[in-house]
Amino acid sequence: MRVAITGTPGTGKTTATDAVADTLDLDVVHLNQLVKDEGLWTERDEDRDTLVVDLDAVRDHLGDWDGIVESHLAHHLDADRVVVLRCRPDILEQRLLDRGEPEAKARENRESEALDVVLGEAVEFHGEESVYEIDTTDRDPEAVADDIEAVVAGEREPSAGTVDFIEYL
């Protein structure tokens, strides 16, 4: 089973995935850390203070992987199920600011979340039948982890397009 856990930065991917790793017997790869540790990037975007990930190198490095891969880029990998964590854009922006992200980066991610960018990419690459949305707004990591575990166990139906932040816009 290959499960990609993705979402805009600040939606709670790492925290929820760590909680899932404690209960499920699956290997977990935190892709952003792997990229840094293994040099799987092509350049540094100085304006955004971020690395440009070499997705082909990531795919080669992971090979025929099994388990969970977590990252805002995980939906770009082949996977059986894709979990897209979502968060109301204003809450997401505040989470990012609280953890010290620059205002411009927090605003950019808020807008990305409001426009369903990661969800759209996940559905385009994997199809609606493989994508599961989970709203993390005002939920604790254990509750989100329970929902992820239900996806892994096949106890939850695909749900692309069910989280709606239209009132935010």
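I began with Thr14, which lies in helix H1; helices (H or I, at least four residues) and strands (E, at least two) are DSSP runs, numbered from the N terminus. The model is predicted, so local features need pLDDT of at least 70 and side-chain atom pairs pLDDT 80 or more, while totals for chains, interfaces and linings use all residues. I number residues from 1 along each chain as its sequence is written, and side-chain values use heavy atoms, without hydrogens and water.

I looked up the accessibility of Thr14: at 40% relative accessibility, Thr14 counts as partly exposed. Buried means under 20% relative accessible area, exposed over 50%, and partly exposed in between (1.4 Å probe, protein chains only). Leaving aside neighbours within four places in sequence, I found Thr14 in contact with His30 and Glu70; contact means heavy atoms within 4.5 Å.

I then turned to Gly10, found in the loop between strand S1 (2-7) and helix H1 (13-21). Gly10 counts as buried at 10% relative accessibility. Beyond residues up to four places away in sequence, Gly10 touches Leu92, Arg95, Leu96 and Arg99.

I consulted the UniProt record, an unreviewed entry, which places the feature "binding site" at Gly10, Gly12, Lys13, Thr14, Thr15 and Arg99. These residues span 90 residues in sequence, yet no two of their C-alpha atoms are more than 14.5 Å apart, so they gather at one spot. UniProt annotations may be inferred rather than shown by experiment; positions are in the numbering used here, and feature names are shortened.

I next examined the sheet. Five strands form an open sheet in the order S2-S5-S1-S6-S7, with parallel pairing; two strands pair if DSSP finds at least two bridges between them. The edge strands are S2 and S7 (131-135), each pairing on one side only. I noted that S2 and S5 pair in the parallel sense over three bridges, and that the bridge partner of Val28 in S5 is Ile68.

Gly39 follows H2 and has a positive phi, near 65°.
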